[in-house]
Amino acid sequence: MKGWLSIATKELQRNEEIRDREIRVVSADGEQLGIMSSADALRMAENRNMDLVKIAPQANPPVCKIMDYGKFKFEQSKREKEAKKNQRTAEMKEIQLSLNIDTHDLETKGNHAKNFLSAGSKIKVVIRFRGREMAHPERGNEVMGRFAELCSEFGTVEKEAKLESRSMMMFLAPSLKQK
């Protein structure tokens with residue numbers, strides 16, 4: 001099954017894989033060499049010890065370039081690695097509070113949250129209600145409000161405090177000033 005080409009290939013067609021009758025040929029330095037048969041273009045590429053690579057298959061006629069394919073792939077992988085290195089995903093950190101948290105403990109957790117927000121992470125703040133604490137969800141809202149106020153300089157409330165079963169959750173995102 002060597003003669004078959006797959007329909008959706010990520011690889012560019014090169015050398016003998018190019019079966020078009022006529023192609024537009026471009027040299028390695030970008031000079032237009034004109035429209036010719038693929039056999040003639042392949043011979044020209046082989047004379048220069050390079051590869052014939054189809055770079056624009058959708059064009060009419062398709063555009064092929066004479067280039068060093070190995071060097072091209074190496075530079076392309078270097079560019080992809082560089083782009084991946086510069087890419088940054090937002091992390092989600094979780095901070096757990098209790099309903100009966102003391103002022104100093106709340107400030108300590110707030111300082112941790114400020115560090116996370118200034119580093120660019122999002123924060124999920126959780127209060128878990130135990131036993132009879134479920135009778136006082138308004139106290140949970142109060143604690144969440146104080147916590148949001150502590151962190152207001154570094155982050156904004158992305159999603160308001162909401163009670164889901166026995167947990168109250170709130171999401172904070174880094175403020176635009178920090179980025």
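Student: How do you know that S6 and S8 pair?
Tutor: Strands pair if DSSP finds at least two bridges between them, and six bridges join the antiparallel S6 and S8, so they qualify as paired. Ile123 sits opposite Leu172 in S8. Mind that this is a predicted model: local features need pLDDT of at least 70, side-chain atom pairs count only at pLDDT 80 or more, and totals for chains, interfaces and linings use all residues. Residues are numbered from 1 along each chain as its sequence is written, and side-chain values use heavy atoms, with hydrogens and water left out.

Student: What makes S7 and S8 a pair?
Tutor: Seven antiparallel bridges link S7 (residues 155-164) to S8, with Val157 partnered by Leu172. The two strands form a hairpin with two residues between them.

Student: Why are S5 and S7 at the edges?
Tutor: The open, mixed sheet runs S5-S6-S8-S7. S5 and S7 each have a single partner strand, so one side of each lacks a neighbour in the sheet.

Student: What makes Val125 a contact partner of Met170?
Tutor: Contact means heavy atoms within 4.5 Å. Beyond its neighbours within four places in sequence, Val125 contacts residues including Ile95, Phe147 and Met170.

Student: Why is the largest group called a nonpolar core?
Tutor: Such a core is a set of buried (under 20% relative accessible area, 1.4 Å probe, protein chains only) Ala, Val, Leu, Ile, Met, Phe, Trp, Tyr and Cys residues joined through side-chain atoms within 4.5 Å. The largest has 20 residues, and Val125 and Phe147 are among those touching the most other members. H4 gives the most, four residues.

Definitions and conventions
Buried < 20%, exposed > 50% of the residue type's maximum accessible area, 1.4 Å probe, protein only.
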